[in-house]
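Kindly read the numbered points with the model in view.

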Amino acid sequence: LSIIDGSANLAEEYLKQADIALYVAKGRGRNTIHLYNADDRESEEMRHNINWAQKIRHAIDDDRILLYFQPIVDVKENKASYYEALVRYRDINGDIIGPVNFIPALENTGDMKFLDRHVIQLAINTLKDHDNLSRIAVNLSAQTFQDESLVPTIVACLEAAQVDAQRLSFELTESASLFNLNITRRVIAELHQLGCKFSVDDFGSGFSSFSYLKQLPADYIKLDGSFVKNLHLDDIDRALVRSIVQVIQALGKKAVAEYVENQEILDLLTSMGIDFVQGYHIGYPEPIEKIFS
């Protein structure tokens, strides 16, 4: 609810206030009415989120959504096996802004699927334009993963670009993977049928997930970075990572470590038999032009 009290100069401002109040009401559990109040913290947060959602939609239309690529290295072969696509936003001034600034806002407004679909399209177009790029991994949000149009969208993009599905991989966080296990298993099976690979990201943040790991037909399991970044300093982290890697490999899956920030961490992971590594010590995210310049 927004009261037209003469305080705004444009009708659109009242509509925006009502829209913000709508999202706040939804956030409070729906089936309720929220009166817009400029001093209300929830309203201000929602205004911020909606503004970001609008910026991202405009950026998609204006081709100002960019992908940077970070290498994921095969430890045994000592070379980049594939690259993770990391989204960036270029504002109207040309500044490049990272996802931590806008992803939470899109998740709160329910607009992540619009960005995810565009990122999928950009990734596939990149594969089309670079034959020497073996494979790209794309992160998906829980909202997109539960969208029934996800797989048909991927199929349409692959067919339009004439790109082999085996060159495409998708990642979903552990918490999102376990939110609805039946949907997760079905979608992974559909992706595998296309020829795509699948990774569970941030694995280990919840140890109850070990009981579900056997049921997830994922190809790769990426360890939660909180266990890796202090591996060279913490005995407990070393014990946990060693155990997690052994369980992952015992189930016939590949173990991937993120947040590899120095040689000491890399050496420890190598001694534990890790399959793949990723992090600033391995390579920074860069535009595709820099990678293949």
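1. Basis of the note. The model is predicted; local features need pLDDT of at least 70 and side-chain atom pairs count only at pLDDT 80 or more, whereas totals for chains, interfaces and linings use all residues. Residues are numbered from 1 along each chain as its sequence is written, and side-chain values use heavy atoms, with hydrogens and water left out. Helices (H or I, at least four residues) and strands (E, at least two) are DSSP runs numbered from the N terminus.

2. Helix α2. This helix covers residues 41–61; its 21 residues should span 30 Å at 1.5 Å a residue, and the distance of 31 Å between its end C-alpha atoms agrees. The expected span is 1.5 Å times one less than the number of residues. Among the buried residues of α2 are Met46, Ile50, Trp52, Ala53 and Ile56, where buried means under 20% relative accessible area, exposed over 50%, and partly exposed in between (1.4 Å probe, protein chains only). The buried residues of α2 pack against α1 (11–27), β1 (65–74), β2 (79–90), β3 (96–97), α3 (103–109) and α4. After α2 comes Asp63, with a positive phi near 60 degrees.

3. Helix α4. The 18 residues of α4 should span 26 Å at 1.5 Å a residue, and its end C-alpha atoms are 26 Å apart, in agreement. Buried residues of α4 include Leu115, Asp116, His118, Val119 and Leu122. As background, an α-helix has 3.6 residues a turn, so residues three or four places apart point the same way.

4. The nonpolar core. Which residues have the most contacts inside the largest nonpolar core? They are Phe102, Leu115, Phe170 and Leu269, in a core of 73 residues. Helix α4 (residues 112–129) gives the most to this core, with eight residues. Such a core is a set of buried Ala, Val, Leu, Ile, Met, Phe, Trp, Tyr and Cys residues joined through side-chain atoms within 4.5 Å. Leaving out residues up to four places away in sequence, Phe102 touches Trp52, Ile56, Val87, Arg88, Tyr89, Ile97 and Leu115; contact means heavy atoms within 4.5 Å.

5. The largest pocket. The space in the largest pocket is about 1,000 Å³. The pocket has 35 lining residues, and the closest to its centre are Glu84, Leu86, Pro99, Asn139 and Asp201. Two or more lining residues come from each of β1, β2, α3, α4, β4 (136–139), β5 (168–173) and β6 (197–203). Strand β2 supplies the largest share, five residues. On a 1 Å grid over the protein atoms alone, a pocket is an open set of points where a 1.4 Å probe fits, with protein on both sides within 12 Å along at least five of seven lines; lining residues have an atom within 4 Å of a point. Grid points are joined across faces, edges and corners, and the volume is the space filled by probe spheres set on the points.

6. Asp147. This residue is in the loop between α5 (142–145) and α6 (150–161). Is Asp147 buried or exposed? Asp147 counts as buried because its relative accessibility is 18%. Its side chain makes a polar contact with the side chain of Arg117 at 2.6 Å. A polar contact is a pair of N or O atoms within 3.5 Å; within protein, one must be able to donate a hydrogen and the other to accept it, and residues adjacent in sequence count only if both atoms are side-chain atoms.

7. Val228. Helix α10 (residues 225–228) holds Val228, which counts as buried at 0% relative accessibility. Val228 and Ile265 are 37 residues apart in sequence, yet 7.5 Å apart in space, C-alpha to C-alpha. Beyond four places in sequence, the contacts of Val228 include Ala257, Tyr259, Ile265 and Leu269.

8. Glu261. The loop between β8 (254–257) and α12 (263–271) contains Glu261, which is partly exposed at 36% relative accessibility. A polar atom of the Glu261 side chain lies 3.1 Å from the backbone nitrogen of Tyr280.

9. Positive phi values. Asn31, in the loop between α1 and α2, has a positive phi of about 55 degrees although it is not a glycine. Asn31 is exposed, with a relative accessible area of 84%. Asn78, in the loop between β1 and β2, likewise has a positive phi, near 55 degrees, and counts as exposed at 64% relative accessibility.
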